[in-house]
Amino acid sequence: MLLSFEEFQTFESQRETYALFGYPLGHTMSPDLHAALFAATGRDADYIAVTVPPEKLSDALALARQKLAGINLTIPHKKAVIPLLDEVDPSAADLHSVNTVAFRDCKAIGFNTDILGFAESLEKDGISLRGKKVLLLGYGGAAAVMAYHCLREGASLYISGRNLEKADALRDQLVEVLPGAKCFTCTRRRIPRDIQIVLNATPLGMFPHEDKSPLYFLPHKVSYVFDAIYNPPVTALMKLANPKRTKTRDGLFMLVMQAARAQTIWYDAQFADAACDSILRRMYGQMARKRLHDKYHKRSIALCGFMGSGKTTVGRKVARLTGLPFIDLDRYIEAQEGMTIPEIFAQHGEPYFRDLETKYVTEISEREEGCVLSLGGGTVLRPENVEIIKRTGLLILLDTPFFRIVKNLSHSTNRPLLEKEDKLAETRRLYQMRKPIYDQVADCRVRSPRLGEVVERTLKSI
Ligand SMILES: Nc1ncnc2c1ncn2[C@@H]1O[C@H](COP(=O)(O)OP(=O)(O)O)[C@@H](O)[C@H]1O
Ligand SMILES: O=C(O)C1=C[C@@H](OP(=O)(O)O)[C@@H](O)[C@H](O)C1
Ligand SMILES: [Mg+2]
């Protein structure tokens with residue numbers, strides 16, 4: 001729920017309620033994210049977003065003390081709220097940045113959980129900072145959080161960005177609160193060659209300017225890239241990394257964990273790793289759905305690929321994570337025709353089945369409501385079908401390695417095309433014939449033998 005300040009003045013909470021204050025507040029994932037976290041701990045609580053203009057922050061905080069159980073703050077309130085609070089946690093005070101306020105014993109106490117979110121995101125990837133040479137791109141609020149954590153953990157930090165004076169100002173602010181910290185600034189041309197970790201806290205590469213990157217190449221010793229951006233989930237900077245040598249991480253897990261830690265502060269919420277991972281996957285699902293509309297102007301996701309590549313299995317999971325309805329074309333045809341696929345092939349032959357595919361693909365594509373549509377392995381071989389699918393759908397290829405496809409098909413009995421004496425030879429023959437067509441028609445592709453990875457990569461490919 002998004003409220004204006006005026007609406008918030010008359011707002012009456014039905015149950016324990018938390019809020020995000022910001023200005024302006026466009027699209028924010030926080031209400032959905034906090035709702036998912038409340039659900040994970042079984043907390044009966046609401047989370048709302050309130051547009052609070054800077055001059056109303058003091059009034060809004062006074063109202064919050066009466067109506068709310070806790071608040072989060074975003075731009076431009078993180079610093080401005082500090083003089084209005086009764087107490088401020090030392091890290092938040094050092095950073096001049098409060099993103100979480102708890103109301104305890106009639107006191108408003110400020111914390112910064114962005115630091116915790118960043119720390120837990122690095123921890124998830126097993127990254128230790130002690131003694132590492134770290135390059136930080138940017139000098140704004142997110143950069144300050146990341147720099148503070150790196151320096152506290154004993155990294156040598158190089159801050160770079162377009163405006164070196166601002167980088168110098170951030171360095172001076174940090175060295176003042178962390179005396180002895182190894183903090184330097186450098187122009188983009190003087191980046192040390194032996195940098196091991198790169199952190200992006202600039203907005204360069206954020207949707208819709210996805211081709212922008214704060215660097216053109218990575219120093220050759222870089223083993224980890226963290227980008228605070230989460231739309232897109234894979235930024236141009238992250239794409240510079242060679243996956244064999246360099247791990248990458250986008251900013252979504254940091255976002256999830258700063259919210260989780262706010263709930264820990266508010267009501268001592270504890271989250272199992274599995275619960276956070278499951279919420280992270282759902283957030284990737286929501287982001288994929290948003291990008292499907294905003295970037296591609298489509299309402300559906302269609303999965304293509306060879307028989308046994310995982311279209312049906314992956315499609316069902318992608319549907320659950322995006323919240324879109326799921327349709328498997330083969331099951332849809334079977335339900336409409338009252339016959340199984342092998343029965344249709346046996347009684348009417350393949351050309352008849354292909355006409356049914358065109359008929360039902362048209363029907364499904366014309367629906368107002370979008371869906372995740374798992375196609376049959378042969379559906380995209382007809383150019384007409386591809387054209388129909390792409391009118392409303394983004395076509396993603398599950399480019400599953402051949403060895404995995406063969407394993408997946410080993411127990412299959414309901415694929416009439418493979419009912420040949422030498423099933424493996426026929427599988428290979430069809431695969432080699434079709435592979436160039438799949439490659440040609442797909443908008444995006446996902447290649448991995450591991451099912452869990454395929455689902456997440458499918459969402460991130462959008
Ligand atoms: N990457 C994978 N790893 C392990 N099993 C998989 C993988 N992809 C698919 N499977 C399994 O292979 C079988 C066929 O998958 P399915 O989703 O029916 O493929 P398709 O719809 O593309 O023909 C299913 O039993 C599924 O669980
Ligand atoms: O590749 C094909 O031509 C076919 C694939 C099957 O779907 P799956 O790809 O889901 O197995 C099914 O549509 C039919 O047996 C024909
Ligand atoms: Mg299938």
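How many bridges join strand β6 (residues 100–104) to β7? Five bridges join these strands, which run antiparallel. This is a predicted model, in which local features need pLDDT of at least 70 and side-chain atom pairs count only at pLDDT 80 or more, while totals for chains, interfaces and linings use all residues. Residues are numbered from 1 along each chain as its sequence is written, and chains are lettered from A and ligands numbered from 1 in the order in which they are written. Helices (H or I, at least four residues) and strands (E, at least two) are DSSP runs, numbered from the N terminus. Two strands pair if DSSP finds at least two bridges between them.

**The seven-stranded sheet**

- Seven strands form an open sheet in the order β1-β3-β2-β4-β6-β7-β5, and the pairing is mixed.
- The edges are held by β1 (2–4) and β5, each with a single partner strand, so one side of each is left without a neighbour in the sheet.
- Strand β2 (residues 17–22) pairs with strand β3 (residues 46–51) in the parallel sense over six bridges; A19 has I48 in β3 as its bridge partner.
- A hairpin with two residues between the strands is formed by β6 and β7, and D105 in the turn has a positive phi of about 50°.
- Residue G110 of β7 stands opposite V101 and is also the bridge partner of V88.
- Strand β5 (residues 87–88) and strand β7 (residues 107–111) run parallel and are joined by two bridges.

**The six-stranded sheet**

- A further open sheet has six strands in the order β10-β9-β8-β11-β12-β13, with parallel pairing.
- Its edge strands are β10 (183–185) and β13 (247–249), each of which pairs on one side only.
- From one strand to the next, the twist averages 20°.
- Four bridges join strand β8 (residues 133–137) to strand β11 (residues 197–200) in the parallel sense, and L136 has L199 in β11 as its bridge partner.

**Helix α2 and its neighbours**

- Axes are lines fitted to C-alpha atoms, for helices over the stretch in contact, and angles run from 0 to 180 degrees between N-to-C directions.
- The axes of helix α2 (residues 30–41) and helix α10 (residues 252–267) come within 10 Å and cross at roughly 55°.
- That makes α2 oblique to α10, because angles under 35 degrees count as roughly parallel, over 145 as roughly antiparallel, 65 to 115 as roughly perpendicular and the rest as oblique.
- In α2, residues S30, L33, H34 and L37 meet V256, A259, A260 and Q263 in α10 (contact requires C-beta atoms, placed from the backbone, within 7 Å).
- By class, this contact of α2 with α10 has five nonpolar, three polar and no charged residues (Ala, Val, Leu, Ile, Met, Phe, Trp, Tyr, Cys and Pro count as nonpolar, Asp, Glu, Lys and Arg as charged, and the others, Gly among them, as polar).
- Helix α2 also lies across β2, β3 and β4 (70–73), running at about 165° to β3.

**The ligand surroundings**

- A residue is near a molecule if its C-beta atom, placed from the backbone, lies within 6 Å of it.
- Of the 15 residues around ligand 1, G310, K311, T312, T313 and N408 come nearest.
- The shell around ligand 1 takes at least two residues from each of α12 (311–322), α17 (402–409) and α19 (451–460), and its largest share, three residues, comes from α12.
- Among the residues around ligand 2 are K311, T312, D330 and R415.
- The shell around ligand 2 divides into four nonpolar, four polar and three charged residues.

Definitions and conventions: Two residues are in contact if their C-beta atoms, placed from the backbone, lie within 7 Å.
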